[in-house]
Amino acid sequence: MRGEPGPLVVQSDRTLLLEVDHPLADECRLAIAPFAELERAPEHIHTYRLTPLGLWNARAAGHDAEQVVDVLLTYSRYPVPSSLLVDVAETMDRYGRLRIEKHPVHGLVLVSSDPAVLTEVVLAKQVAGMLGQVIDAETVVVHPSERGHLKQVLLKLGWPAEDLAGYVNGERHAIELEQDDWTLRTYQQQAVDSFWQGGSGVVVLPCGAGKTIVGAASMARAGATTLILVTNTVSARQWRDELLRRTSLTPDEIGEYSGARKEIRPVTIATYQVITTKRNGVHPHLELFSARDWGLVVYDEVHLLPAPVFRMTADLQARRRLGLTATLVREDGHEGDVFSLIGPKRFDAPWKDLENQGWIAPAECIEVRVTLRDDERLAYAMADADMKYRLAATAETKQRAILELVERHRGTPTLVIGQYVDQLDELAEQLGAPLIKGSTPTPRREELYAAFRSGEIDLLVVSKVANFSIDLPTAEVAIQVSGAFGSRQEEAQRLGRLLRPSGDKTARFYAVVSRDTSDADFAQHRQRFLAEQGYSYRIIDSEDIDQLDRQ
Amino acid sequence: MSPAAPRSLAETLRRWKAGDFAALLQARPDLCTPPPRTVADLVTRMSTGGSTLHALHRLNAWQHVVAEALAALPDGATRKDVATLLGATDELAVRRGIADLRARGLVWGAEGSLHLVAQARTAFGPWPGGLPEESAHPLTERQIGAALQAAGETVRPLLDQLVWGPPTGRVRNADRQVTPESANTPMEVALAYGLLRPLDPDTVVMPREVALHLRGHRLVRTLPAPTAPDLGTGHRRRADLIDRAGVGAAITVLRDIEQLVSSIDDLDVRLLRDGGLGAKDLNAVVTLLRLPGVHPERSQAYAALLVELAWAAGLVNQVNAETLLPTAAFDQWLERPAVERWSGLVRTWIATPRWFAWSVRPKAHALGPDADWRGAVDLRHGLLAVCAEVEPGTVVGAEALGRAYAWHRPALASQLDLAEMTAQWWEEAAALGLQALDAVTGLMVVAAADAEVPAVLAEEFPEPIDELILQSDLTAVAPGPLAHEVGRTIRLLAAQESRGAGGVFRFSAASLRRAFDAGWNADRVLAWLAEHSSTGVPQPLEYLVGDVARRHGRIRVGTVGSWIQTDDDAVVSQLLAHPEAGPLGLRRLAPSVIVADAEADEVVGLLHRLGLSPAAEDSAGRLVTAPTRPRARPRPVELPPGPPGPEAIAELAEELAGSLS
């Protein structure tokens, strides 16, 4: 039956290794995307992972175990052990055995056509207090207030429930898309349709693929008051601008609920920060959730959703919820909460869009290793453990290399990024460049950003804490002098967004690192996650900077 | 014309042809060892109680009930008698049942006068089918009907107790004189009407004709089906996909055995007093193989199976009666092609007189005595034979197999929990690739016939590769199973992150340091990587190797008390300033030498904690490298001989037939 050996190697730890240069790689990628999560994408072999959540997401999207098994058998280079296939089938079979439905007499009920499963669940300690009267062997009453918690617990018990109980309509509010100088792209329309059909859930789109537009279109479809939760104020303003541009909403209809302003309007944009603020042990801004009869709740960057918001979301299960994100992977492992509280994945962008978005080698990364002077090494060696990193990261020897790098790229938009303010102060002075740090007032920041964007200035020193990455596009060179740039792919994607060279130039990301210190250890983590995201990576000695090609 | 009917079993056999003998030996393999020289010899052996019992145990449900019917009938019964007693309407089935018994040498004589051999008759006990012999003066049907009516309902519970046998009950003064008028108890009523008769002063018996009347003239409550129940569920899967999934499991089990045995000395298992492996050590195997934790009991059973197979195949042996090490046979085993390794493993599985699943029952241990069972070999053979009857791709499932096997071996089903054991066997068959997704694979057929793996399946076993894909995230990916030596080296240079059809390995300073400790240097590492990489050596990896090499051995530690030598002033200062310098007795001996009162291992500990990378030196100044891998003495593998193959049987049958002429 077989012609050429397939592109996929199936591992017993449930990872799938995809050989990207294989002629069938693209076809295979499309086939496994619905049920496997892309974990790493270095140059030759991409790693996907099969997880129960991924398989349940696939089930929720209408794929069945036979299809998954067939895909694995079709594309696998080697015979796949039957135990793995059995496992896949058994796992997928667990989704939807339990359903949360509306009963004409008893209200919210948990239903199963498999009485054994229902019994197992009813008897579980964890569901105590969530379920009410047992109506018959297949039905048990659910306390409406526990709808979300119950779904969380059922997921943990390995019996994720399908929530078919429907939603309240919420307060009507007409919102129209105004497609005068733009149109909804096909995949954006598909994303909205899939979300609406599924009721609640998450749409996965890469940065720049128009998550905000999908949000706006979903609001138009709902035609109801909407609460939008975003990561920070800058992002809140961007949402507001986009909504004003793409929809019939007027400035009066959109409120901002942040540290600075507390407006509640038919469409209200709130930051995670303000919601999670605690005063005297309570969350004073919880009122927001009940302030209006929201018809739709939108969660931006759902992979960053903080724990308190999850808890509040558990009480919002009767309202439609749309999660937007570029990745389902969370650093805190709360993927399951996203699944049970926001909903299953409803849409995933095709790979080609991800590719255009820059998953593949969007920038060239060069780590420059600096050898510390003997006195610096001695100081490092003698320092207390908690001071070591700082000493290594801010070593004076780094300065020469940094100046040399800046000099090499003079005339190209360049950012110098660091963690320690005194180091940055010193650098800014030596380079004669403006500095943005935490204490820089917002107007001054916006002024500098604007100057950088317009090309008026081509060198800017920024502190990492200034959270610059949100709206600072089009640098061609970034030089990290201290601090880890981040820890995982989300940061790598920000890097991809930060470095957007015009034309066919390649952006450069430099990290200047002190050899044989903890600075170098951090660098190794960075190397790993950047390479895993498909960035090319090289390490050179600072003495060899002059051998680098100019751009 | 046919000669006069034979008058004994011996005479019957003397008229047999080679084919008849072959069929006999096939059905009663115990007769093959030692090989009988003459037919007389053969008849003697057949006539022993042991061999006859063995033959009866191997009868299927239909054959068994036919034999029981013959036992319940007087010697010289006819086929028609048998059919009547069974209440069988299918005459052909009865004829076939008798023929099967003839072929096994259990029945002889003409159809009109059948003889069940004496030992078989004995084996069915005094009341075959729960019936006594025919009465000297049997009651007629009409008499029985009248007696039952006259005795009334009160005797029914008593009669019900005896009707399906055994037909006797103990009663004091069974031979008392009672009349219907004097009868006081149901027992007396039954005796008075002749529904029961005294057998001796303490026993009553239900006369055969009464029992048969009450039974509706049937020998057994439910007549077994004359043919084997259908094994398939009517559901089929694509045979080629199922075969691939089966081979997938086969490859996995080989890989797991390799991993287990290679690492068994690292596991540091301690054998228990009964020679078995404790639960903790078994869990260590589960962890080592990173078996999925979805079904812990399944993972444990699988781990135990691997340990058992590695032991039975002689790949591991015990050292000092308490720990396990790989044997030299393991190294040879690794050199053999995967298909051969698989075949060997399956043979071991079949022929080991242990029921592996019993080693994970509560209080039992893998390799422990609880799993010993001679019958295991026969049961596995039997199940294999049944499964091999269906087309590969047929969905069977453990339950259907259990039901079917209970028909094939009713004697076994009455002694053991066949449903549970079949399920255990079915799980093991999946692990070995004989079934996949509950469907029989082509490998099942191979295993049942002890045949060579056909090319179309053998091709699915992957060839080992010796090339790696190196990536700049410092991983090496093996896109397939690695040749053993390459695998061993890459596991030294890098830490394995993912196992399966391929492998993912990650390089780190620590992993490379380990290689340098084992005597490698940067040039050798890079040359090896270049040789085995299909994509070159990525720059960051090359840099890492150089960087670690540069730092490695910059500090050397020896045992005098112990000493430290380094050219690095910063390190000297760092060491001397360390709070542990006092307790360890560190002091500067020369600008680049520190000596310590402490033993070298303590000093090395401190250096490691400081993130330094010392190299150890022996008294002659040579770098001390890691020792070679230890091996246990070979363990001779002795498996009981399996049943003789068809060729041996044919040869023996020819010989027997030849001895007659």
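**View 1. A buried helix in chain A.** In helix H2 of chain A, the buried residues are A:Pro52, A:Leu53, A:Gly54, A:Leu55, A:Trp56, A:Asn57, A:Ala58 and A:Arg59. Everything here comes from a predicted model, in which local features need pLDDT of at least 70, side-chain atom pairs count only at pLDDT 80 or more, and totals for chains, interfaces and linings use all residues. Residues are numbered from 1 along each chain as its sequence is written, while chains are lettered from A and ligands numbered from 1 in the order in which they are written. A residue is called buried if 20 or more other C-beta atoms lie within 10 Å of its own, exposed if 12 or fewer do, and partly exposed in between, with C-beta atoms placed from the backbone. Helices (H or I, at least four residues) and strands (E, at least two) are DSSP runs, numbered from the N terminus. H2(A) covers residues 52–60, and because eight of its nine residues are buried, the helix is largely enclosed by the rest of the structure. The cover over these buried residues includes strand S3 (36–40), strand S4 (45–50), helix H3 (65–75), helix H4 (82–94), helix H13 (335–342) and strand S16 (345–348) of chain A. After H2(A) comes A:Gly62, with a positive phi near 95°.

**View 2. Two helices of chain A crossing.** Which angle do the axes of helix H7 (residues 186–198) and helix H8 (residues 211–222) of chain A make? They cross at roughly 50° and come within 9 Å. Since angles under 35 degrees count as roughly parallel, over 145 as roughly antiparallel, 65 to 115 as roughly perpendicular and the rest as oblique, H7(A) is therefore oblique to H8(A). The axes are lines fitted to C-alpha atoms, for helices over the stretch in contact, and angles run from 0 to 180 degrees between N-to-C directions. H7(A) brings A:Gln188, A:Ala191, A:Val192, A:Phe195 and A:Trp196 to the contact, and H8(A) brings A:Ile213, A:Val214, A:Ala217, A:Ser218 and A:Arg221. Two residues are in contact if their C-beta atoms, placed from the backbone, lie within 7 Å. Sorted by class, the contact residues are seven nonpolar, two polar and one charged. Here Ala, Val, Leu, Ile, Met, Phe, Trp, Tyr, Cys and Pro count as nonpolar, Asp, Glu, Lys and Arg as charged, and the others, Gly among them, as polar.

**View 3. A closer look at A:Ala191.** This residue lies in helix H7 of chain A. Is A:Ala191 buried or exposed? It counts as buried, because it has 29 C-beta neighbours inside 10 Å. Leaving aside residues up to four places away in sequence, A:Ala191 touches A:Val203, A:Leu205, A:Val214 and A:Phe347. A:Ala217 sits 26 residues from A:Ala191 along the chain, with 9.6 Å between their C-alpha atoms.

**View 4. Where chain B meets chain A.** The contact draws 40 residues from chain B and 39 residues from chain A. On the side of chain B, helix H13 (239–262), strand S12 (495–499), helix H28 (539–551) and helix H29 (569–577) each supply at least two residues. H13(B) gives the largest share of that side, ten residues. By class, the side of chain B has 20 nonpolar, 13 polar and seven charged residues.

View 5. B:Ala250, B:Ile251, B:Val253 and B:Leu254 of H13(B) meet B:Ala338, B:Arg341, B:Trp342 and B:Leu345 of H18(B). This contact has seven nonpolar, no polar and one charged residues.

**View 6. Backbone details in chain B.** Most residues other than glycine have a negative phi, and most peptide bonds are trans. The peptide bond from B:Thr33 to B:Pro34, however, is cis, with omega near -10°. B:Pro34 belongs to the loop between helix H2 (18–27) and helix H3 (39–46) of chain B. B:Leu437 is not a glycine, but its phi is positive, about 50°. This leucine is in the loop between strand S8 (435–436) and strand S9 (439–440) of chain B. B:Asp450 also has a positive phi, near 50°, and lies in the loop between helix H23 (442–449) and helix H24 (455–458) of chain B. With 17 C-beta neighbours inside 10 Å, B:Asp450 counts as partly exposed.
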